[in-house]
Amino acid sequence: MVTSATSKLLVSDFDSSVSHIPSNYVRPIFDRPNLSEVESSGDSIPLIDLRELHGPNRTEIVQQLAIACSTYGFFQIKNHGVPDTTIDKMLTVAREFFHQPESERVKHYSADPTKTTRVSTSFNIGADKILNWRDFLRLHCFPIEDFIEEWPSSPSSFKEATAEYATSVRALVLRLLEAISESLGLERDHISNILGKHAQHMAFNYYPPCPEPELTYGLPGHKDPTVITVLLQDQVSGLQVFKDDKWVAVNPIPNTFIVNIGDQMQVISNDKYKSVLHRAVVNTENERLSIPTFYFPSTDAVIGPAHELINEQDSLAVYRTFPFVEYWDKFWNRSLATASCLDAFKASTT
């Protein structure tokens, strides 16, 4: 059975036919999820109410963001301005996409990470030594008109629902970037201005039920290459964050997003805000769907620490200034073999 299973392109086309995961999904003993040792987040992940971000209490909300970004690198937001109906349509059509027949889903299959719309599996199937229990659709979505024609046309509502959602989340991201700029003591538009023309991608992650979730990952521990990532997830737990030397399960809260700081924000903030290690685990019972929005500089942007955060007395530049495309190429060429590739961009100390 395993022989025929692994001839399939996507996990979701063989997961129900196996009682053991194929050997190329099995992690070595030292690199397994140890699910029994994972803590529940409880109230430990900050939940920030954005309702008054543009009201008289803006300073207080900005301060909450500063604390969350500097101590966690990870926080949840509510009253974020993205309509519930927009979110519900996005989750519904994403699930419909993965429930389509194999022949429909694999129309968009590609192992080439440079393709701007593609269905694939694992992380980078061409480079991963051990595969991950995950299928995904990844697409570029800013500017929408540059990419919408190549998005899937089935389900029939996919393009409309995705465009509506991507537009609404981008507006949220721009509000967050202004507030995070302020929280660093920078001008409101500072971060936005150094991102060039901006870039926005979305992933639709589908994690099928797994017969042996203790042996594999949906995605192993990694840090995001983004400025920030805004995650929508369904009500199935699976996201875990590394905090205080232990893994913490981030249990879904309806009508919230999870926001995490990415590597580019760590550079811009000169290490004041840290990109955070996180992973996705799977389970035996339930499929899980998550939809991260990745917000990036455009490939022609040049990234480096904000000059205002550097002085010769006590705040030397931690990172050199670099073309974003240099980081981007390095990120995709290395699989997820190391948690972050920022070390290659450290400033010279000589």
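**Close-up views of a predicted model**

**Figure 1. Arginine side chains over aromatic rings.** Arg 170 is placed over the face of Phe 142, at 3.8 Å from the ring centre. The model shown here and in the following views is predicted.

Figure 2. Most peptide bonds are trans. The bond from Phe 142 to Pro 143, however, is cis, with omega near -10°. Pro 143 belongs to the loop between E5 and helix H5 (144-147). The bond from Ser 154 to Pro 155 is likewise cis, and its omega is near 0°. Pro 155 is part of the loop between H5 and H6.

**Figure 3. The aromatic pair of Phe 14 and Trp 133.** The structure holds 16 aromatic pairs. In the one formed by Phe 14 and Trp 133, the centres are 5.7 Å apart and the planes make an angle of 90°, an edge-to-face arrangement. Phe 14 comes from the loop between helix H1 (2-5) and strand E1 (39-40), and Trp 133 from the loop between strand E4 (117-121) and strand E5 (135-140); the pair therefore ties together parts that are 119 residues apart in sequence. Phe 14 and Trp 133 are both buried.

Figure 4. The ring centres of Phe 322 and Phe 345 are 4.4 Å apart and their planes stand at 45°, so the pair is classed as tilted. Phe 322 lies in strand E15 (residues 322-323), whereas Phe 345 lies in the segment after helix H9 (324-333), so that the pair ties together parts 23 residues apart in sequence. Phe 322 and Phe 345 are buried. Both belong to one aromatic cluster, which also contains Phe 294, Phe 296, Phe 324, Tyr 327 and Trp 328.

**Figure 5. Surroundings of Gln 264.** Gln 264 is located in helix H8 (residues 263-268). Its relative accessibility is 0%, so Gln 264 counts as buried. Beyond residues up to four places away in sequence, Gln 264 touches Phe 322, Phe 324 and Tyr 327, together with Pro 225, Thr 226, Val 227, Pro 297 and Ile 303.

**Figure 6. Surroundings of Thr 162.** Thr 162 is a residue of helix H6 (residues 158-183). With a relative accessibility of 0%, Thr 162 counts as buried. A polar atom of the Thr 162 side chain lies 2.8 Å from the backbone oxygen of Phe 158. When residues up to four places away in sequence are not counted, Thr 162 touches Met 90, Leu 139, Trp 151, Met 202 and Phe 204.

**Figure 7. The annotated span 198-297 and Ala 203.** UniProt, in an unreviewed entry, places the feature "domain: Fe2OG dioxygenase" at residues 198-297. The end C-alpha atoms of this span lie 5 Å apart, and the span is 6% helix and 45% strand. Ala 203 is found in strand E6 (residues 199-207) and counts as buried, at 0% relative accessibility. Apart from neighbours within four places in sequence, Ala 203 is in contact with Leu 137 and Arg 138, and also with Ser 290, Ile 291, Pro 292 and Phe 294.

**Figure 8. Glu 214 and its contacts.** Glu 214 occupies the loop between E6 and strand E7 (219-222). At 41% relative accessibility, Glu 214 counts as partly exposed. Neighbours within four places in sequence aside, Glu 214 is in contact with Arg 32, Pro 33 and Leu 35.

**Figure 9. Two asparagines with positive phi.** Most residues other than glycine have a negative phi. Asn 34, in the loop between H1 and E1, has a positive phi of about 45°. Asn 34 is partly exposed, with a relative accessible area of 42%. Asn 270, in the loop between H8 and strand E12 (278-280), has a phi near 55°, also a positive value. Asn 270 is buried, with a relative accessible area of 8%.

Figure 10. A disulfide is a covalent bond between the sulfur atoms of two cysteines. A search of the whole structure finds 0 disulfides. Cys 69 is buried at a relative accessible area of 1%, and Cys 341 is buried at 7%.

Methods:
Residues are numbered from 1 along each chain as its sequence is written. This is a predicted model: local features need pLDDT of at least 70, side-chain atom pairs count only at pLDDT 80 or more; totals for chains, interfaces and linings use all residues. Side-chain values use heavy atoms; hydrogens and water are left out. Rings of Phe, Tyr and Trp (its six-membered ring) pair if their centres lie within 6.5 Å; planes under 30 degrees apart count as stacked, over 60 as edge-to-face and the rest as tilted. Helices (H or I, at least four residues) and strands (E, at least two) are DSSP runs, numbered from the N terminus. Buried means under 20% relative accessible area, exposed over 50%, partly exposed in between (1.4 Å probe, protein chains only). A charge sits over a ring if NZ of Lys or CZ of Arg is within 6 Å of the ring centre and within 35 degrees of the ring normal. UniProt positions are given in the numbering used here, feature names are shortened, and annotations may be inferred rather than shown by experiment. A polar contact is a pair of N or O atoms within 3.5 Å; within protein, one must be able to donate a hydrogen and the other to accept it, and residues adjacent in sequence count only if both atoms are side-chain atoms. Contact means heavy atoms within 4.5 Å. A disulfide is a pair of cysteine sulfur atoms within 2.5 Å.
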